[in-house]
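This report describes the surroundings of a ligand and the packing of selected helices. The sequence and structure are shown first.

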Amino acid sequence: MPKPSLSQILAPYEADPEGYSRLWRQATSEEALRLFLPFFPLPPCRGVDIGAGDGRDATFLAHRGYTMTAVEPSAALRRFAQQRPDANSAVTWVDDALPDLWNVRRSVPEARFRFALLSSVLMHVPEDDHDSAMVALSAILEPCGRVFLSLRQQTDPARLMFPTTVATLTPKIQRAGLRIVHAVENLPSSWRGGSVGVPTWDFLVLEKGAL
Ligand SMILES: C[S@@+](CC[C@H](N)C(=O)[O-])C[C@H]1O[C@@H](n2cnc3c(N)ncnc32)[C@H](O)[C@@H]1O
């Protein structure tokens, strides 16, 4: 199968941002980020939410005192997120996408991030782009910066997904100068308030080297 374009991957979100937002809001940020929150740096510091969707987590983290950038390639989702009544005007929205994050990288090295969140996003990035994605993440992080990465394991017939495993991702993480500091694999959906076991999820906390 030829590699799908980003616009093919984004098409369901472009068509129904409100419907997907309703789906995502079945879990709160506290629930969705529960396994990551103990590993977050103390605010204030700069963070980036990549594949920020409707801004649920970027807004939540901005309220917790982080200076947040939300990266979202779907114009419909960016618009929807910024028009929500609970939108936080302190969140900076950027049109950009993995694997390269060129728009975000233009501001480096002046502005780097203490952490990057990718909550349920990497399954939309084809596997042969994962090396470049890890390099881009490493490039936008401060030394010792962290990545919070959740991986959805099962596909969804309505959306283009390319699930990946921790085992195949690990050498790519290491080649980019990152290391895994915490991993939880194969959690059922009930971890985030969902009532069913499928899809299952993996959670990784990555850390960039000190130099
Ligand atoms: C399942 S949603 C998750 C949204 C949000 N992170 C959350 O947890 O609610 C996947 C998000 O990834 C975005 N996305 C898809 N492909 C992407 C890419 N190549 N780079 C960055 N984001 C992408 C989609 O537009 C969508 O907002």
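Which helix gives the most to the shell around the ligand? In this predicted model, that element is helix 1, spanning residues 6-15, which supplies 4 residues.

## Ligand shell

The ligand is surrounded by 22 residues. The closest of them are G51, G53, A97, S119 and H124.

Sorted by class, the shell around the ligand comprises 14 nonpolar residues, 6 polar residues and 2 charged residues.

## Helix 7 and helix 8

Helix 7 (residues 130-140) and helix 8 (residues 166-175) have axes that come within 8 Å and cross at roughly 40°. Helix 7 is therefore oblique to helix 8. The crossing in which helix 7 passes helix 8 is right-handed.

On the helix 7 side, the residues that meet helix 8 are H130, D131 and M134; their counterparts in helix 8 are L169, K172, I173 and R175. By class, the residues of this contact of helix 7 with helix 8 are 3 nonpolar, 1 polar and 3 charged.

## Helix 2 and helix 5

A further packing arrangement involves helix 2 (residues 17-24) and helix 5 (residues 75-83), whose axes lie 9 Å apart at an angle of about 65°. Helix 2 passes helix 5 in a crossing that is right-handed.

Helix 2 contributes P17, E18 and S21 to the contact, while helix 5 contributes A76, L77 and F80. The residues of the contact of helix 2 with helix 5 fall into 4 nonpolar, 1 polar and 1 charged.

Definitions and conventions. Residues are numbered from 1 along each chain as its sequence is written. This is a predicted model: local features need pLDDT of at least 70, side-chain atom pairs count only at pLDDT 80 or more; totals for chains, interfaces and linings use all residues. A residue is near a molecule or strand if its C-beta atom, placed from the backbone, lies within 6 Å of it. Helices (H or I, at least four residues) and strands (E, at least two) are DSSP runs, numbered from the N terminus. Ala, Val, Leu, Ile, Met, Phe, Trp, Tyr, Cys and Pro count as nonpolar, Asp, Glu, Lys and Arg as charged, and the others, Gly among them, as polar. Axes are lines fitted to C-alpha atoms, for helices over the stretch in contact, and angles run from 0 to 180 degrees between N-to-C directions. Angles under 35 degrees count as roughly parallel, over 145 as roughly antiparallel, 65 to 115 as roughly perpendicular and the rest as oblique. A crossing is left-handed if the near helix is turned anticlockwise from the far one by less than a right angle, and right-handed if clockwise. Two residues are in contact if their C-beta atoms, placed from the backbone, lie within 7 Å.
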